[in-house]
Amino acid sequence: MSDKASKQLYIPLMQNALDFIDKGLSEFKEYEKNDIKLLKYVTLHVHAGIELILKARLINEHWSFVFKDLDKASQESYQNGDFISIDMVVAFKRLKNLCDIEIDAAFEQACNDLRKKRNKIDHFEMNESIETLIGCVVKVLVGIIDFLRTEFDEKSISAEENKILDRIKSYLLENQKYILVKLTAIAPKLSTVENVIKCPQCGQKTFVLDEGEELCECYFCNYKSTDYRKVADAYVENVLNISAYSCAKDGEPWPVTSCIECGLDSFVDVPGNYICFNCKKKFEDEDVVKCEVCGNTVCKSSGDESNICYDCYNAIEYKA
Ligand SMILES: [Zn+2]
Ligand SMILES: [Zn+2]
Ligand SMILES: [Zn+2]
């Protein structure tokens, strides 16, 4: 036996699942280029990946939940993978009834449609409208990305799994069909918030600065950070298209200053107004002026008083 053949091949469940989806997407790329028949493997592989992710979530609750017949569940057969497992329909039922998880109805419907298409391919023949099939696959992917985010602890995803997941996400976030379906899916949620700006990460106008929420978050790519300064800097670079290099070269100040409301360095000068990525307050240009001494942003004073920031005012007082 060669060295290679004597080695053990082990692929953990979540990695196995993501591998299938990754493979399905690489086939989708090839389909787009030339080979229509590859849609068959896209269907099979995406379906396999989705089913495994649903099972992984059930196992997080209890390993026996993936046994079709719960009475036959045993540690030994689980460890050996020697048991009759559930399908997607039962997986959804158990996720709702045993794990108390709210499943998005559109996601479940799309998964069901995909399952039926997959079964036909596996057991009979393939005869599908390409447009409907792709629409179904995309809806399933929109749902599973959300399911992964809400139902799995980030820390439980290994480095290798994260690498595959990042590849999947970056492909999807640039796919026009995915963008369209995802934007439609988040539209109702977006309509309930007031302040929505372009996202520093994906560029979609889906980044929510809501005073009621603790963090600013993108409803499209789910970018968020507790580092308000980092988000402000990313906004300047990626949305306003101002680079630190060009600022330094032209002697221009970096357009992130301290907020006139909360005082933190998260106040960005955008055309027409100022926004704070920490307290999420928004101010019109006319309400904000630069300190006459240091140039920092301050609240415009009323009347004839001079516009001097708190620090500079204290410094002058101290000297006097
Ligand atoms: Zn985004
Ligand atoms: Zn603020
Ligand atoms: Zn000052």
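Trainee: How does H2 pass H8, in a left-handed or a right-handed crossing?
Mentor: Left-handed: H2 passes H8 that way. A crossing is left-handed if the near helix is turned anticlockwise from the far one by less than a right angle, and right-handed if clockwise. This is a predicted model, where local features need pLDDT of at least 70, side-chain atom pairs count only at pLDDT 80 or more, and totals for chains, interfaces and linings use all residues. Residues are numbered from 1 along each chain as its sequence is written, while chains are lettered from A and ligands numbered from 1 in the order in which they are written.
Trainee: At what angle do H2 and H8 pack?
Mentor: Helix H2 (residues 13–33) and helix H8 (residues 159–172) pack at about 30°, and their axes are 9 Å apart. That makes H2 roughly parallel to H8, a label for angles under 35 degrees. Axes are lines fitted to C-alpha atoms, for helices over the stretch in contact, and angles run from 0 to 180 degrees between N-to-C directions.
Trainee: Switching topic. What order do the strands of the open sheet have?
Mentor: E4-E5-E6-E7, four strands with antiparallel pairing. Strands pair if DSSP finds at least two bridges between them. E4 (256–258) and E7 (282–284) are the edge strands, each pairing on one side only.
Trainee: How many bridges join E4 to E5?
Mentor: Three, and E5 covers residues 265–270. Serine 258 stands opposite aspartate 265 in E5.

Conventions:
Helices (H or I, at least four residues) and strands (E, at least two) are DSSP runs, numbered from the N terminus. Angles under 35 degrees count as roughly parallel, over 145 as roughly antiparallel, 65 to 115 as roughly perpendicular and the rest as oblique.
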